[in-house]
Amino acid sequence: MKNIVLIGFMGSGKTSMGRFLSRELDYDFFDTDKEMENVTGLKVHQIIKKYGKIRFASEERLIVKKLAAMSDTVIATGGSFIDNEDNIKALKDNSIFVFLDVDDDVIIDRLKRRKVRPFTEK
């Protein structure tokens, strides 16, 4: 079976929905940001602060390439995933993409509760 790739703005619920879907469908679950953190030993905001957005995007592409070889998997992507055409190409043949369309006010409320803003390089 094809993978399910969840895309959407930061705070749209990709990880929460991914966990739910993986349990319901008995699929494996991967979050690209968490996979990147596991590989690098750094949180996403630390990767960006220490190495910049280019390195972050490179690490993300490597994770996506690995996940593209899998099947029966739900993949929650990072908020910047969609900005990289290579990410889309790597997954498009073996995946169904689902865009989580969440009201702006809900996203703003969710992001206000976060302590870390991943793409803040300060």
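Analyst: Axes here are lines fitted to C-alpha atoms, for helices over the stretch in contact, with angles running from 0 to 180 degrees between N-to-C directions. This is a predicted model, where local features need pLDDT of at least 70, side-chain atom pairs count only at pLDDT 80 or more, and totals for chains, interfaces and linings use all residues. Numbering starts from 1 along each chain as its sequence is written, and side-chain values use heavy atoms, leaving out hydrogens and water.

User: Which way does α4 run against α5, roughly parallel or roughly antiparallel?
Analyst: Helix α5 covers residues 85-92, and its axis sits 9 Å from that of α4. (Helices are DSSP runs of H or I, at least four residues; strands are E, at least two; both are numbered from the N terminus.) The angle is about 5 degrees. Under 35 degrees counts as roughly parallel, so α4 versus α5 is roughly parallel.

User: Which residues of α5 make the contact?
Analyst: Contact means heavy atoms within 4.5 Å. On the α4 side you've got Glu60, Arg61, Val64, Leu67 and Ala68. Their partners on α5 are Asp86, Asn87, Ala90 and Leu91.

User: Which residues of α4 are buried?
Analyst: Buried means under 20% relative accessible area with a 1.4 Å probe, protein chains only. The cover over them includes β1, β2 (28-31), α2 (32-40), α3, β3 (73-76) and α5. The buried set is Phe56, Glu59, Glu60, Ile63, Val64, Leu67 and Ala68.

Key:
Parallel < 35°, antiparallel > 145°, perpendicular 65-115°, else oblique. Buried < 20%, exposed > 50% of the residue type's maximum accessible area, 1.4 Å probe, protein only.
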